[in-house]
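I keep in mind throughout that the model is predicted.

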Amino acid sequence: MPEGDTVWQTARRLHTALAGHVLTRSDLRVPKYATADLTGRTVLDVTPRGKHLLTRIEGGLTLHSHLRMDGSWRVYAPGERWSGGPGHQIRVILGTADRTAVGYRLPALDLLRTTDEERAVGHLGPDLLGPDWDPDKALANLLRDPARPLGEALLDQRNLAGIGNIYKSELCFLLRATPWLPIGDLPAEHAAHLPPLAKKLLEANRDRPARSTTGRRDQNLYVYGRAPRPCLRCRTSIRTANQGDGSRERPTYWCPTCQPGPSPHR
């Protein structure tokens, strides 16, 4: 599941492959941009913004994409077999003389003026891995609705950008609070620690091939994906439930002993 660290890694791969090179192939396989042709233009940079990717192209254009649940970008060398999925899942192809970047299953793809990027990402809160990071603003955003469940507030990219289901569950465990706890009920010292803790986790993982929040070699995650195995702290069985409005599955994991408070089972 792509989260802020995964998107950061994807942006770095795309930037390394494309930036400074002229596009020799351009194929945007969405009806709105089927006739758009970017060949002959130089890719200037690829920048992550939360879970969004901004590929800036000569001539004041930006290709905006979002991975959501199962989208991905793959980079291939000449002659290398494309392996990211069947051809009908390809949404965009950007090729240079040396590399080809292929976007699979991208649910959001927009070609816009670079000066209009705010239309795509202006709603986002401070980016945990970006130059605009502001922990005080992120905390103020989170506490704006004190009755909102902690897990839902963390997933709201308008509060802070980059957290998904995995980091949501892991952060709540580290804070010793259930994801259903009203965020206003989080002890003040824990709330103040939340933004820097989230940044620390994403920064620690942006260069790792395998995400880890535990620092252990035998187990990478404390709770996410571990139900009904025993908690690494207390040996209680980890539990799981969906959290949210029901429009999308949001698997949430927690330890009922280490994380006292409201939950669907209480």
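**Notes on a helix and a core**

Entry one. I began with helix α5, residues 165-174, and found it mostly covered, since nine of its 10 residues are buried. I wrote down the buried residues of α5 as Asn165, Ile166, Tyr167, Lys168, Ser169, Glu170, Leu171, Cys172 and Phe173. When I looked up what covers them, I found that the cover includes α1 (4-18), α4 (150-155), α6 (188-205) and β10 (251-254). Following the chain past α5, I came to Arg176, whose phi is positive, near 60 degrees.

Entry two. I then turned to Ile163, which lies in the loop between α4 and α5. Is Ile163 buried or exposed? I noted it as buried, because its relative accessibility is 0% and buried means under 20%. I also looked up Gly4, which is 159 residues from Ile163 along the chain, and found that their C-alpha atoms are separated by 6.2 Å. Leaving out residues up to four places away in sequence, I listed the residues that Ile163 touches, among them Glu3, Lys51, Leu128, Lys168, Leu171 and Ala198.

Which residues have the most contacts inside the largest nonpolar core? I found Leu154 and Ile163, in a core of 26 residues. The elements that give two or more residues to this core are α3 (135-142), α4, α5 and α6, and α6 gives the most, with six residues.

Conventions
Residues are numbered from 1 along each chain as its sequence is written. This is a predicted model: local features need pLDDT of at least 70, side-chain atom pairs count only at pLDDT 80 or more; totals for chains, interfaces and linings use all residues. Side-chain values use heavy atoms; hydrogens and water are left out. Buried means under 20% relative accessible area, exposed over 50%, partly exposed in between (1.4 Å probe, protein chains only). Helices (H or I, at least four residues) and strands (E, at least two) are DSSP runs, numbered from the N terminus. Contact means heavy atoms within 4.5 Å. A nonpolar core is a set of buried Ala, Val, Leu, Ile, Met, Phe, Trp, Tyr and Cys residues joined through side-chain atoms within 4.5 Å.
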